[in-house]
Amino acid sequence: MTRIKVRVNGKESEKDVEPRLLLVHFLREVLGLTGTHVGCDTTNCGACTILLEGKSVKSCTMFAVQADGREVTTIEGMQSPGGELHPIQRAFWENHGLQCGYCTPGMVMQAAWLLSENPDPTEREIRLGISGNLCRCTGYQNIVKSIQEAAKAMRTEGKARR
Amino acid sequence: MLPRSFQYFAPTTLEEATSLLREHRGDVKVLAGGMSLIPLMKLRLASPGYVVDINRVKGLDYVEESEDGKALLIGSLTRHHALESSPLVKRRVPLLSEAAGSIGDSQVRNLGTIGGALAHSDPSGDWGATILALRGELTVLGSGGERRIPIDDFLLDTFTTALDDGELITRVSVPIPPDKGSGGAYLKLERKAGDFATAGVAVQLTLDEKDEGDRCTYAGIGLTAVGPKNLRASKAEAGLVGNRLTKEAISEAASAAAEECAPTDDPLRGSAKYKREMAGLFTRRALELAAARARKQGGRVQG
């Protein structure tokens, strides 16, 4: 077992883990943060996307030990401390950016990274930006629309955050 | 899917890292971005007893010009995304940022590293072809000290490189093409977004301006996914250098590349015959694009 200290959604957790434990299982099973989903488990679908030091990564393809001393943000960390939805979450809600919802946490986290890099993306840039996230419902039309609306809202609210 | 149990090390210095690799040689893997290693471990196609995570080693993540301004020096732990977005890379060796941006998907590019991809030597990898086109070289560090290996001597076979047990790539360096009259292009055919290439090609050209601007003085062509490793299209290159870049010359070079590649049938991405044809087609398109870029002022990637 290896002792790791990871800051998840602003809260420090110190745990003993087996080196082979994947980050997604650490989040879901050790910390109980089940908002991050396991989809394909093969680095393909992006359902397990989280932010590591502000950058989107697939948490099924990373060991928890690699996150030692690092900052992780999951879907649970997107809302404000007062429980107000993040503009990206709100845009998904308002634009019906989800059908079954399974891909949604990953889509939201990837959108957060995309908009932190490029606050005013074109439709093409959004489509390319989420090419590592699959929606089996094929609800891409509204997902793209949600990200466009989120970008607009975040630009006007001036609260683009990683 | 969980990998087999292993012992994990996270050294902070190169000395520590190489000594761990030496100590556990034969049963150890280097973990850089993990974008190939971790999937292999999860599928238990690789089950190393020891994993040396080099992400905490200082001084492996950088892009800079050499002192004489002739080469771009890239730390082996540099992420694909950093190369895709670096203003220095876009300005000096735009082919590198175009190739970087075509790898996998955004999340993979945030973690995956150039050194890791080259050490993995997957024939479907995009870096091998790109570094071949640029005639780059690798610096590797092991118990015997440091050595430099030209990319042609480094890539030996599928998943096989010239790295000795206990050696680690520390740097990739590529000559900076001339400011004027050079152009590059990386193109690949994908079944779907983010898939490994069915066929891909990296091209780097320099055109001589003095001679009405289109005599080719440098040609580098690397091929992706159409052989046991990333291949250099030597005959295609030789046919271009010293000659005018006419439509015919480009067509001939494309046919030469199609002939000299060695694809295999695969049920997912098509027959060898199809891939050979695509290698030719994409070589032609990449040559045309690189030539057009070279002819533009400065020959740099536009948009």
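How many bridges pair E11(B) with strand E12 of chain B, and in which sense do the two run? Keep in mind that this is a predicted model. The answer is nine bridges, in the antiparallel sense, with E12 covering residues 197-208 of chain B.

- Picture four strands lined up as E11-E12-E13-E14 in chain B, making an open sheet with antiparallel pairing.
- At the edges sit strand E11 (182-190) and strand E14 (231-232) of chain B, and each of them pairs on one side only.
- To zoom in on one spot, find B:Ser182: its bridge partner in E12(B) is B:Thr206.

**Helices against the sheet**
- Helix H5 of chain B, residues 94-101, packs on the sheet and touches E11 and E12 of chain B. The direction of H5 makes about 15 degrees with that of E11(B).
- Helix H12 of chain B, residues 272-295, lies across E11, E12 and strand E13 (215-224) of chain B. H12 runs at about 30 degrees to E12(B).

**Where chain B meets chain A**
- Here, 21 residues of chain B are in contact with 22 residues of chain A.
- On chain B's side, the elements giving two or more residues are helix H2 (37-42), strand E3 (50-53) and helix H6 (106-111) of chain B.
- Sorted by class, the side of chain B that touches chain A has twelve nonpolar, seven polar and two charged residues.

Technical notes. Residues numbered from 1 in each chain as written. Chains lettered and ligands numbered in written order. Predicted model: local features only at pLDDT ≥ 70, side-chain atom pairs only at ≥ 80, totals over all residues. Contact = placed C-beta atoms within 7 Å. Nonpolar A, V, L, I, M, F, W, Y, C, P; charged D, E, K, R; others polar. Pairing = 2+ DSSP bridges. Axes fitted to C-alpha atoms, helices over the stretch in contact; angles between N-to-C directions.
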